[in-house]
Structures are given as structure tokens and as C-alpha cells.
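Here are my notes on the model, as numbered points. Have the structure open while you read.

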Number of protein chains: 2
Amino acid sequence: MNKRITIKQIAKALGVSISTVSKALNDSYEISDETKAKIQEYAKLHKYKPNTLALSLQNKKTKTIGILIPNILNYYFARALRGIEKVATEKGYSIITCITNESYEKEVETMEMLSNGTIDGFVACVSVETLKLKKFDHFHDILEEETPIVLYDRAHKDIKCDKVVTDNIKSAYKATRFLMKSGCKDIAIISTSEGLNINKFRIKGYLKALTKYGVTPNENLIIKQDNEINLIERINNMLDNNKVDGIFSVDEVSGAIATQVLNKRNVKIPEEVSIIGFTNGLLSRYGSPPLTSVNRFAHTTGEVAATRLIDKLEGKIKFDDIKTEIIKTKLVERESTKKLFIKF
Amino acid sequence: MNKRITIKQIAKALGVSISTVSKALNDSYEISDETKAKIQEYAKLHKYKPNTLALSLQNKKTKTIGILIPNILNYYFARALRGIEKVATEKGYSIITCITNESYEKEVETMEMLSNGTIDGFVACVSVETLKLKKFDHFHDILEEETPIVLYDRAHKDIKCDKVVTDNIKSAYKATRFLMKSGCKDIAIISTSEGLNINKFRIKGYLKALTKYGVTPNENLIIKQDNEINLIERINNMLDNNKVDGIFSVDEVSGAIATQVLNKRNVKIPEEVSIIGFTNGLLSRYGSPPLTSVNRFAHTTGEVAATRLIDKLEGKIKFDDIKTEIIKTKLVERESTKKLFIKF
DNA sequence: CTGAAAGCGCTAACAA
DNA sequence: TTGTTAGCGCTTTCAG
């Protein structure tokens, strides 16, 4: 931003007034074609570009939206970001992406920082820590100023705003049911992050399916573990002490880890043990074997969220008109599960 | 940005002048403690926050940097982003992240858009298409305005600016050498994106190692293939028609695909065929077997790039003082290669 | 110690 | 058709 030319300089150089230049560059009907041509030519020659900052200050609108991502290394979020980015670009918005690293403090700081004129609205995913602490004042504050927020993936009922989420219970239900239909009797579930309510929902769906089909849940087959090393140990432990012929992994990494453990024990997948993962990312697709997974349509989630926000920013929807959109999932069959012998 | 209170409103409410409020909030020595206290209290009560836009307009500095990422789904870039983000945050900068999707046009648009006062400088990775087209005028234009750019990972000699890159040739050389030392005789290389000069460098390193150790390169063992389906076919083909006991994959996905192909053919890894991957991401770590890989320290790359840029922005380095920093790699041994029997 | 005024780059109402 | 002026929110001389 150094040698950049301003409207003022053009005005001086051409001996016209600042507003004439402004109008000419905006192709106003008020200006004679001659003057317009002269000014526009000069502007082009000197690569004039309007200062976005000044425009935003004037319009009280920045045409940029803030994106909050808990963890960019997570394939789901990376894909969601793409979806958001796509819609934003299409509609002429830029995005400013911030990674919270699942930290409450970082989340609060970031939102404070951005909500000072920098952005018009947020598309955010709440961090694990925030969800654990159940402290949502930073959301409330921003909402109170009528800055719209659309929450995606992880949400909480105490935050009153638009949401775009996965039908976790149902998806887990269907995945578990699939395992049962494919002949599995002793189905384990592997979950992480105790604090995450979405994981609770997934366990709920799992339990629901078991119960529905007359299987009594077995506490020993439910693993909740964040730490990776411990997870390997716990899976091995579980396999040592229990009959298991199906595993439902609630996230992608633990699905890959389960696969590794089984491969190492020379357990045949899916002949002896089937695995279903959640979130249809790279690890599922490129694993050995490729994992049957609950595909989450992260991209769509991002698109829907961004669309909702922008519609709100542009007044197509009233600020107080709040909605939760549910993005369905789809089970993608690959090689880690047996082919269904009962159609349903 | 609705009910947000401004300095002006505070001034009116308290019956003082605007500049007094400004100074009080900035803790200026010119203002009496009493007035200061009064103003600061009022400001806090009403959650006053300075408008970033106005500040930036004033200072001709936005304290934000633009990040260009060709593809956020790539684990390497996602990690690099984290590194950049970390440094930026530490130094009080915010970042605005843009995904170019490897598109020349998107890259040009994005850079144009941001270089209008929105950002102070760029940390960018050139897109594949741009590299293919060899059109770098958008970089030149920005550089000419003395807006600093730091290129990371992919660069080109025609763009005269700071760079932070991997020592591709050497890394590929070392990886290939490792395979040879571990007993492999017939080493294949799998590469993608013909347009990418970094991939050329990696092939170069591979060839260099072969030649150095007296192995004549075999054209049939060099695969360059972007399309995934075709890649599987070509690998199978190669394995059908050639003796191969080592594979060096120039990126992570093709490493995973090679693993899948070998597993499917019931080839024992590493007993019969060894694999080394490039970029030490999730796929390598969580694959079956986990892949020995060239670890690229994406995070460090991001940190170094961001640090360089910010140092420049803050005048610690002159604009014209241009440097290329090389980030070394490290071979991480996992289970896809045999243990070395020759120490070196 | 406090305030008036100019200015960052731009737009827009109003005059000329 | 063109120019003057005020103002977006803030900082910063310079007077008072």
C-alpha cells in the first residue's frame, strides 16, 4: 500500500474536483462522457484501485465474513471451509479465517477482534473447550449488537442463532444398524472428546440402534478416549477381553487407528471384524482397507451456512428469524464391511 | 456492527471533547486521572471497542496479512497455515486466508482484492496453474507497490521476493538413497502434477541418487500421473511388467494409493516392496502399514515465512533485502521400509 | 489539562 | 455537468 494512487491525486493531476473523480469512476450519469473517459483512462493507467478500508468505513459494511474453525487439520473443517469460501466468493464477500485450536480464550479474542468493524457476520464452529466450559457470553454479546452468526457442525442450544448441523443421532443409528444387518453381533463404539456433545449424540444413536434391535449394550464395548497412545492400548485391551465383530468409530482418526490395530493383530477386515467410520475423509478413502463411512457433506454444510449468513446480511432474512438446518448423511460402503445379506 | 458505541457518543454523553476521549482511552499523559477514570469507566460499561477500520485508515496499516493457499485439503498446507497463524497471532497480526484452488484466475483476483488497503503483505503459495502458465504479473504489480510478499513451498525464480522452500532435490535424494541402503534394487518413483516444478526437483533428486550409486534409471519405473484412477492402473501395470522392490512416492496421496495397490495384490510391505512417502501427514501416520516418509515441517515453513514477512512490515528488514530460506526435511522411519543393514 | 481542527480515502447531498 | 462540503471513526498537531 505504498505507491498506490488515490482519488485525490487523480483530481489534482487532472485539475478536477475529488467528487468528480469519484463519480466518474463510479460511472455516474452526472458526469460528461468526455470527463469520464479522461478520468477513467488516467485511473487505469495509474492502476487506481479504491481503498477498501475507506469504502467500508463509509458504508458501515465490509463485505467480509469471519470464519471460525476449531482445527484446520481436521478434514471435515477444511472441506466446510471450502464450501463457505465458495459461496462467499460467488456472492462477492471475502472471508477472514481464524483457527481457534479448540481454545476458549482464542475464540473469545478472535471474535472480539473481528467484531469491531472488520466483519459483517460470523460463520463459526464452537471450540471443544467452550463447549466444555459452557461459557457463551462472547456469542451473546455479538448477537446483541445484531451481528449475525451462523453456527455450523457444533452448536449449543444456549446460543440463539442460526445453525447448520449433522443429524448425529440418526447417522450413528444407521451406521450401527448397518453393522447389525451385515451380520455383526458384538459391536463396539470408539469415541473421543468427552466434552463434545456431538459425540454424545453419536453414542446415543448407537445405543438406540442396539436397543431397537434387541441387543443389550455392553459397557465394555464403549470406548471414550482422547489420547492416542491410550486409545491403541484400550482397543487392544477390549479385543483381548471381549468378543467383537464390529467397530463403529465416531471420528476418522480413531477409525484409522482401529484399522491399524486390527491389521497388526492380523484380524481380517471385514471377515472377522467390520469397521465403520464417521466423516468421509482422506483416511477412510485411502486406508487399507478403505473404510465404509458415514459421509458428512462438509462442503454442503459450509455452503448452507454461508448462504444463510449472507442472506441475512443482505436483508433477505430478518435478524431474528432463526433456523436450524440439518444436513443429512449418507453411508458410503467400501471394503471394511461385509455386503448386506438382509436388504432393508 | 450495530449498537456499537463510538468515541463521539462517549464524548457527548460525558460532555467532553472527542479528542479528550481519544486520549483518555489511549491513556495519554495529557489527561487528568480523574477525567481518564471517568471516561474509561464509561467506555468499559458500554463495551466500547475502537473501530479497526478507522484505525487502519488512519495508520495506513491494517496489521493483517493475506495468506494464499492453493488447496486447504492438503495436509501440508493446512499445517503451514497453522504455523503462519501462530506467528501472526503472537505478533498481533490477523490473517485473512484465501484458497485459490490451484487456479490462476482466482489467485489474481484474490491478490487484487486484498492489495487495496486490506492487507499489509502476503504469505503466498503459487498455484499450479500459475506455475504452468508462468504468468507472474500479479506478483510483480504488488511487489512494485512495495507490498511485501513471502512465497512458501512453491516458488519461481522469476518472482523476486522472499521465499521459504523445501530442499526438494536433496530430500528426494536422501529418500532414494535410504531405499537403496535398505536393500532395494529396483526403485520406482510416483509423481503427480507435471506442471509443478517441485515435483521435477524431486524426480531430479531420485535420479541423482540412482546415478550416484551406479543404478541406471529405468524409464518404466517413473510414473507421472495426476488422475487417481489412472494412477492405480499404471501402478498395477508397472508391477505386472517390471521387477520393483521399492517405491518412492512424491506426495502423500499417491503413497497411500500405492499402499492400497500393494495390499490388494497381497504384496508384503516392506518385505517384498518398500515404500517411502513425501510429506508426513495423516495418511502416512495412520496408514496400514504406517509409511516411512520425508517429513517436511510444514509448520516451521509457515512460521518462518510469517516471521520474515512481519519483520519486513515492521521495518526490521529492508524491502529490497530478499532471501530464500530452505527448510530441511527429515526422514521418519515407520513400517513401510526395512531396517537399514548398512549404516550411513 | 482540554478542545478545535485537519486529515486518512471515499461517498453523497447539495450548490453552483 | 462540476464542485463544495460534511461525514464515516479515529488520531494528532496545535491552541487555549
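1. Strand 6 of chain B pairs in the parallel sense with strand 8 (residues 246–249) of chain B, over 4 bridges. Pairing here takes at least two DSSP bridges between the strands, and strands are DSSP E runs of at least two residues, helices H or I runs of at least four, numbered from the N terminus. This is a predicted model: local features need pLDDT of at least 70, side-chain atom pairs count only at pLDDT 80 or more, and totals for chains, interfaces and linings use all residues. Residues are numbered from 1 along each chain as its sequence is written, chains are lettered from A and ligands numbered from 1 in the order written, and side-chain values use heavy atoms, leaving out hydrogens and water.

2. Strand 6 of chain B also runs parallel to strand 7 (residues 222–224) of chain B, with 3 bridges joining them. Look at B:Ile189: its bridge partner in strand 8 of chain B is B:Phe248, and in strand 7 of chain B it stands opposite B:Ile222.

3. How many residues of strand 6 (residues 187–191) of chain B are buried? It's 5 of 5, buried being under 20% relative accessible area, exposed over 50% and partly exposed in between (1.4 Å probe, protein chains only). B:Ile187, B:Ile189 and B:Ser191 point one way, B:Ala188 and B:Ile190 the other.

4. Over in chain A, helix 9 (168–181) holds A:Lys174. A:Lys174 is partly exposed, at 33% relative accessible area.
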